[in-house]
Amino acid sequence: MKIAVMGYGTIGSGVVDVLRINKEKIAKRAGEEIEVKYILDLRDFPGDPMEDKIVHDYETIVKDPEIGIVVETMGGVEPAYTFVKAMLEAGKQVATSNKNLVAAKGAELIRIAREHNVNFQFEASVGGGIPIIRPLNKCLTADEIEEITGILNGTTNYMMTKMADEGAEFDDVLKDAQAKGYAEKDPTADIEGHDPCRKIAILTSLVCGKQVDFEDIHCEGITGISATDIRYAKAMNRSIKLLAKSRKVGASYSCVVAPFMLTAEHPLSGVNGVFNGIFVHGNVLGDAMFYGSGAGKLPTASAVVADIVDMTKHKNTNIYIDWAPEKLELVDFKESKNSFFVRTSSDKAQIESAFGQVSYVDAGIDGEVGFTTEEMTEGEFAEKAAAIALINRIRLG
């Protein structure tokens with residue numbers, strides 16, 4: 001099987017490394033050897049062992065009948081979409097790690113692949129090296145998936161863990177994460193929650209079989225979390241995690257990305273550092289957990305290579321993925337229900353006038369009051385919170 005890799009950055013070079021490191025085992029599992037014939041990149045790589053494979057025009061790959069599988073690790077929607085579409089239409093199978101592409105164009109690319117009797121697979125687009133998409137598509141097809149809750153971003157989880165362990169402030173842990181290479185120079189996609197938002201949109205699309213647009217999901221990042229919030233969480237024996245949640249409500253789903261305060265008993269509370277964890281609840285299965293390295297060069301590349309092996313074994317056979325272009329209208333976020341932890345400079349009389357019965361939390365913070373509410377809708381909370389001097393609020397999980 002001759003393949004091409006589009007994008008020779010961190011993940012693309014990782015795919016080449018995994019194919020070399022585990023060459024014999026991969027060949028045995030795929031039923032034949034897998035050889036990299038081309039690497040598409042704008043750059044040249046003088047001195048690199050693969051420098052003779054570098055090409056700069058994607059048409060070289062499109063027009064070569066020997067290429068059976070193409071790996072897309074370029075990132076972004078364009079030109080990745082144009083290139084991938086051309087590969088599928090030329091009868092080549094495609095594996096990608098690109099969550100931006102899958103979230104925006106997944107349903108369409110699955111349709112094009114089906115029409116040309118090839119496959120478009122994207123295990124590495126969610127959870128890096130953690131297998132989650134294949135289990136949803138194959139192992140859990142007998143289940144109605146009623147909830148998916150995940151820590152789907154290693155950067156923010158590392159930052160939240162470090163804030164909890166050291167009592168450090170947000171800006172300090174961000175600089176540390178950037179110095180260690182966990183956070184990008186522009187960390188917006190991570191710290192504002194855009195990255196896990198795309199991933200929960202992909203997972204929800206797969207379990208409902210329709211297109212879930214990430215722009216429709218209420219999304220909050222961790223930029224509002226402070227060392228003081230961590231002190232309150234510790235006083236409550238809770239941890240703060242950035243969660244991406246999707247829950248079945250009637251014929252639709254309620255989705256959110258936001259920080260949550262989790263109890264010590266919550267299955268995701270012990271997922272720390274750069275690790276990811278995904279909790280799934282099915283109506284037949286009950287509860288299941290997927291845990292592991294959610295990012296990084298080799299773990300993500302490992303998931304891409306698993307797709308390559310799967311597609312090598314399924315030449316001329318389209319593996320059905322239930323994800324239609326029809327859009328799913330999500331439940332109105334204002335109608336979703338949560339309990340809340342609240343910090344305010346208002347007094348207890350004002351608090352109880354607005355919220356009724358609450359439970360107070362003493363973390364030894366002067367000049368403010370912390371409390372937790374009963375369960376209520378997001379809309380109800382917004383109305384009640386308008387009557388007090390709100391400092392911060394975090395949902396309870």
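Angles between axes under 35 degrees count as roughly parallel, over 145 as roughly antiparallel, 65 to 115 as roughly perpendicular and the rest as oblique. The axes themselves are lines fitted to C-alpha atoms, for helices over the stretch in contact, and the angles run from 0 to 180 degrees between N-to-C directions. Helices (H or I, at least four residues) and strands (E, at least two) are DSSP runs, numbered from the N terminus.

Two notes on sources. This is a predicted model, where local features need pLDDT of at least 70 and side-chain atom pairs count only at pLDDT 80 or more, while totals for chains, interfaces and linings use all residues. Residues are numbered from 1 along each chain as its sequence is written, and side-chain values use heavy atoms, with hydrogens and water left out.

Now the helices. Helix α4, residues 80–89, packs against helix α5, residues 99–115, at an angle of about 15°, and their axes are 10 Å apart. That makes α4 and α5 roughly parallel to each other. The crossing of α4 past α5 is right-handed; the convention is left-handed if the near helix is turned anticlockwise from the far one by less than a right angle, and right-handed if clockwise.

How do α5 and α10 cross, left-handed or right-handed? Their crossing is left-handed. Helix α10 covers residues 194–208, and its axis comes within 9 Å of that of α5, at roughly 45°. The pair α5 and α10 is therefore oblique.

Next, salt bridges, meaning a side-chain nitrogen of Lys or Arg within 4 Å of a carboxyl oxygen of Asp or Glu. The whole structure has 26 of them.

Lysine 85 is partly exposed at 26%, and glutamate 89 is partly exposed at 40%.

Aspartate 307 and arginine 134 form another bridge, with closest N and O atoms 2.4 Å apart. Aspartate 307 is in helix α12 (residues 297–313) and arginine 134 is in helix α6 (residues 133–139), so this pair ties together parts that are 173 residues apart in sequence. Aspartate 307 is buried, at 1% relative accessible area, whereas arginine 134 is partly exposed at 22%.

In helix α7, residues 154–166, glutamate 166 and lysine 162 sit 4 residues apart, about one turn. Their side chains meet in a salt bridge of 2.7 Å, N to O. Which of the two is buried, and which exposed? Glutamate 166 is exposed, at 52%, and lysine 162 is buried, at 17%. Separately, salt bridges with shared partners join Glu123, Arg134, Lys138, Asp307 and Asp310 into one network.

Last, some single residues. Isoleucine 61 belongs to helix α3, residues 58–62, and is buried at 0% relative accessibility. Its C-alpha atom is 17 Å from that of histidine 116, which is 55 residues away along the chain.

Methionine 289 lies in strand β12, residues 286–293, and is partly exposed at 35%.

Terms used:
Buried < 20%, exposed > 50% of the residue type's maximum accessible area, 1.4 Å probe, protein only.
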